[in-house]
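Here is my note on the model you sent. Please read it with the structure open beside you.

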Amino acid sequence: MGLVAAAIAGVVAGTAAATSALLGAGAYFLPNALFALRLLINVVKSVRPNPLTFFLGEMFKLLMTALLLWLIWHYTQAWLVWPAVLLGLILTLKGYLLLLMFRKLS
């Protein structure tokens with residue numbers, strides 16, 4: 001979905017917008033992927049599930065997303081296109097809806 005957001009932003013507003021959309025998508029995708037990897041490692045190791053660990057992981061994921069968005073703003077504010085960042089972020093956040101839609105079709 002991040003690539004779709006970058007393609008849309010690139011066609012509508014150019015290279016800076018496409019890069020901004022990729023950065024916005026990455027700000028959510030990277031912490032989410034690391035959290036999913038952590039959960040997968042616990043499943044493979046047969047670690048007993050702990051709700052506190054899950055909620056702390058979710059909190060860490062959200063804080064890292066906010067930190068990444070701040071870093072993106074801080075280091076790229078000269079050319080950053082905020083609507084494209086938000087497009088990439090929102091499409092990546094809601095990518096699971098597309099997955100659910102295609103799963104029902106098959």
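Is Ala84 buried or exposed? Ala84 is buried, at 5% relative accessibility. Here buried means under 20% relative accessible area, exposed over 50%, and partly exposed in between (1.4 Å probe, protein chains only).

1. **Ground rules.** This is a predicted model, in which local features need pLDDT of at least 70 and side-chain atom pairs count only at pLDDT 80 or more, while totals for chains, interfaces and linings use all residues. Residues are numbered from 1 along each chain as its sequence is written, and side-chain values use heavy atoms, with hydrogens and water left out.

2. **Overall layout.** The chain holds five helices and zero strands. Helices (H or I, at least four residues) and strands (E, at least two) are DSSP runs, numbered from the N terminus. Read from that end, the order is α-α-α-α-α. The C-alpha trace spans about 50 × 40 × 15 Å along its principal axes.

3. **Burial and surface.** The chain has 106 residues, and 26% of them are buried. Its accessible surface is about 7,500 Å². Carbon and sulfur atoms supply 76% of that surface. The areas come from the Shrake-Rupley method with a 1.4 Å probe; for residues, only the protein chains shown count as cover.

4. **Contacts along the chain.** Take the contacts with a separation of 6 or more: 70% of them join residues 24 or more positions apart. Contact means heavy atoms within 4.5 Å.

5. **Record versus model.** UniProt, in an unreviewed entry, places the feature "transmembrane region" at residues 52-73 and 79-102. UniProt positions are in the numbering used here, feature names are shortened, and annotations may be inferred rather than shown by experiment. In the model, residues 52-73 are 100% helix and 0% strand, with end C-alpha atoms 32 Å apart. Residues 79-102 are 83% helix and 0% strand. Their end C-alpha atoms lie 36 Å apart.

6. **Ala84 and Ser20.** Ala84 sits in helix α4. Beyond its neighbours within four places in sequence, Ala84 contacts Ala9, Ala17, Ser20 and Ala21. The C-alpha atoms of Ala84 and Ala21 are 4.7 Å apart, although the two residues are separated by 63 residues along the chain. Ser20 belongs to helix α2. Ser20 counts as buried because its relative accessibility is 0%. Leaving out residues up to four places away in sequence, Ser20 touches Trp79, Leu80, Val81, Ala84 and Val85.

7. **Thr92.** Helix α4 also holds Thr92. With a relative accessible area of 15%, Thr92 is buried. A polar atom of the Thr92 side chain lies 2.7 Å from the backbone oxygen of Gly88.

8. **Helix α3.** How far apart are the end C-alpha atoms of α3? They are 37 Å apart, which agrees with the 38 Å that its 26 residues should span at 1.5 Å a residue. The expected span is 1.5 Å times one less than the number of residues. Gly57, Lys61, Thr65, Leu69, Ile72 and Thr76 are the buried residues of α3. They pack against α2 and α4 (82-93). At the start of α3, a side-chain oxygen of Asn50 comes to within 3.1 Å of the backbone nitrogen of Leu52.

9. **Aromatic rings.** Rings of Phe, Tyr and Trp (its six-membered ring) pair if their centres lie within 6.5 Å; planes under 30 degrees apart count as stacked, over 60 as edge-to-face and the rest as tilted. By this rule there are two aromatic pairs. Phe35 and Phe54 form a tilted pair, 5.5 Å centre to centre with 50 degrees between the planes. That pair links distant parts of the chain: Phe35 is in helix α2 (residues 15-44) and Phe54 in helix α3 (residues 51-76), 19 residues apart. The rings of Phe54 and Phe55 have centres 5.7 Å apart and planes at 75 degrees, so this pair is edge-to-face.

10. Phe35 is buried, at 10% relative accessible area. Phe54 is partly exposed, at 36%. Phe55 is exposed, at 57%.

Note on methods: Polar contact = N/O pair within 3.5 Å; in protein donor to acceptor, adjacent residues only side chain to side chain.
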